[in-house]
Amino acid sequence: MPENNELVYHQQQTRDNSVLAKIKKGIILLEKTWSYRHFRSSRLNPYHTKLQRFDGETIDEARAKARAENLDEFLYGDVRVSTELNCSIQEEYAKYKNVRRGFHDITDRIPRDSNGQFDLTAEEPILIVIIPIKNSNVGHAALQYKDRVVNRQHYKMDVKPLYPRYRDLGEYYFVYPSQIGVDEKRLLCAINKANVARAGSYNFIYNNCAGAVDYTLKQAGVKDLDHYGPDNLGVYFPSPGNNPFHIGIQDWCRKHGIHVYSREVEQYYKYNTMPHHEQIAEEHKSKRERYLELSARKKPLNKIRRNCMYVLKNFLSVAHYNH
């Protein structure tokens, strides 16, 4: 769990009289009304329209019916319910001959050991955690590969292992580099680069927690990440996920990874303890200082270069006109 003096930025509450704060307050009041609650749980809600309804004396009975139809989600008493069983991979496969997690059949994604048995650690996974935030359509996202962590907080880049810090607060995913075409060395370089280049002042739009994870995956070679905004124009807002629009890091994890439960992370993940994380933090700090120093040196040169290009363009345009 986070220490009292190291609360995650999104869990801190401050007084805010801005327009955005007033809009958020209005939305919270709307969510408490009778009309909103009934609309949200009804089939008129576009988020529910395509779902089938299954009834039973218990939710497990209804889930078994939906599972027999190979569905990922269903309506039970006007509530959207997943068909995930919350049991081990081996137990689920023995019963249904497939494994459904994160709204997908992930049977073919699970690595196998030399004997052909399911083994979540047959390949070293990328661990990604998504932490839902109450009354929010965003959340928090962080990434870990072996002993390297990308965890963009409000005031710093944190390098402590993810599971001991968040435990049951978040949803965890294993994503295997070989299945997304990512080279290990390039991934480790991307993580180190993110801890240096994305450690500037926090900004909710372009330098947030999801932006750091998004940056790392892009630097490692991933090309199919989804964002809000026209990504092809370079204008985008990375999101952790946890929203009905299926945009963000979490939904990318559902497409390519395996939703693992916190008990499985505790049992199988090898890097839940990192006694040398302070040394890694110092390493990133020294690289960051050199990076900022080089950036400061380049600023005057960049200005001179821009001015030269401006003069050259004007000269060429005048020469072309006179010709």
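Visitor: Which residue in strand 7 is the bridge partner of L143?

Guide: Strands are DSSP runs of E with at least two residues, helices are runs of H or I with at least four, and both are numbered from the N terminus. Two strands pair if DSSP finds at least two bridges between them. Here the partner of L143 is V150. Strand 6 and strand 7 run antiparallel and are joined by three bridges. The model is predicted, with local features needing pLDDT of at least 70 and side-chain atom pairs pLDDT 80 or more, while totals for chains, interfaces and linings use all residues. Residues are numbered from 1 along each chain as its sequence is written, and side-chain values use heavy atoms, leaving out hydrogens and water.

Visitor: How many residues lie between strand 6 and strand 7 in their hairpin?

Guide: Two, and K146 in that turn has a positive phi of about 55°. Another hairpin, through four residues, links strand 7 to strand 8, where R152 stands opposite M157.

Visitor: Is strand 7 enclosed or open?

Guide: Buried means under 20% relative accessible area, exposed over 50%, and partly exposed in between (1.4 Å probe, protein chains only). Five of the five residues of strand 7 (148-152) are buried, so the strand is largely enclosed by the rest of the structure. R148, V150 and R152 point one way, V149 and N151 the other.

Visitor: What does A190 touch?

Guide: Contact means heavy atoms within 4.5 Å. Not counting residues up to four places away in sequence, A190 touches T216, Q219 and A220. A190 lies in helix 6 (184-197) and is buried, at 3% relative accessible area.
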